[in-house]
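Here is my note on the model you asked about. Please read it alongside the sequence and the coordinates.

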Amino acid sequence: MSKPDRMSWASPYLQVNNVEQSLRFYNAAFGFDIGQTMRDDTRTIIHAEVFYKDSSIMMGAKDTKGHMGACPVSMYLYCDDVDVAYAHALKHGATSVEAPKDMFYGERRCSVKDIDGYQWYFAC
């Protein structure tokens with residue numbers, strides 16, 4: 001899978017208290033268009049994408065289980081080869097959070113923390 005057409009190569013990923021409320025707010029207050037959403041088994045939106053001109057932001061529900069880490073904002077980068085990007089980041093001092101793996105939604109993804117503790121996701 002390659003980068004989705006409307007997505008930026010680099011997008012901030014925000015952890016929000018309530019994705020549905022945040023979608024309405026970003027749309028009404030800032031004029032963002034609402035893109036793809038993902039729901040859990042209870043039909044609650046747990047992931048969403050919003051667009052403003054040529055920029056994109058992803059957001060997800062804060063997770064008490066720590067799946068997205070403790071940092072309220074992370075970066076999501078689309079790249080040509082997740083495994084190469086992961087190895088390169090580790091070689092230069094990043095620490096592994098999640099090794100490259102195929103995700104249920106069709107992307108291959110991994111995550112690392114940079115030297116300042118920010119979480120970065122690489123996907124293709």
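The numbered points below cover the basis of the model, the sheet, the helices, the cysteines and two further residues.

1. Basis. This is a predicted model, in which local features need pLDDT of at least 70 and side-chain atom pairs count only at pLDDT 80 or more, while totals for chains, interfaces and linings use all residues. Residues are numbered from 1 along each chain as its sequence is written, and side-chain values use heavy atoms, with hydrogens and water left out.

2. Sheet. Eight strands make an open sheet with mixed pairing, in the order S2-S3-S4-S1-S5-S8-S7-S6. Strands (E, at least two residues) and helices (H or I, at least four) are DSSP runs numbered from the N terminus, and two strands pair if DSSP finds at least two bridges between them. S2 (33-39) and S6 (95-102) are the edge strands, each pairing on one side only. From one strand to the next the twist averages 20°.

3. Hairpin at S2. S2 and S3 run antiparallel and are joined by five bridges. Methionine 38 has histidine 47, in S3, as its bridge partner. Five residues lie between the two strands of this hairpin, and arginine 43 in the turn has a positive phi of about 75°.

4. Hairpin at S6. S6 pairs with S7 (residues 108-113) over five bridges in the antiparallel sense. Lysine 101 stands opposite arginine 109 of S7. Here too the strands form a hairpin with five residues between them, and glycine 106 in the turn has a positive phi of about 100°.

5. Helices. Helix H1 (residues 19-30) packs on the sheet, where H1 touches S1 (10-16), S2, S3 (45-52) and S4 (55-61), and the direction of H1 makes about 15° with that of S3. Contact means heavy atoms within 4.5 Å. Helix H2 (residues 82-91) lies across S6, S7 and S8 (119-123) and runs at about 10° to S7. For these angles, axes are lines fitted to C-alpha atoms, for helices over the stretch in contact, and angles run from 0 to 180 degrees between N-to-C directions.

6. Cysteines. How many disulfides does the structure hold? There are zero disulfides, the criterion being a pair of cysteine sulfur atoms within 2.5 Å. For cysteine 79, the nearest cysteine sulfur is that of cysteine 124, 5.4 Å away. For cysteine 110, the nearest is that of cysteine 79, at 6.9 Å. Cysteine 79 is buried, with a relative accessible area of 18%, and cysteine 110 is buried at 0%. Buried means under 20% relative accessible area, exposed over 50%, and partly exposed in between (1.4 Å probe, protein chains only).

7. Glutamine 119. This residue lies in strand S8. Is glutamine 119 buried or exposed? Glutamine 119 counts as buried because its relative accessibility is 2%. Its side chain makes a polar contact with the side chain of serine 111 (3.4 Å). A polar contact is a pair of N or O atoms within 3.5 Å; within protein, one must be able to donate a hydrogen and the other to accept it, and residues adjacent in sequence count only if both atoms are side-chain atoms.

8. Serine 8. Serine 8 lies in the segment before S1 and counts as buried at 14% relative accessibility. Leaving aside neighbours within four places in sequence, serine 8 is in contact with Lys3, Asp54, Ser55, Ser56 and Tyr78.
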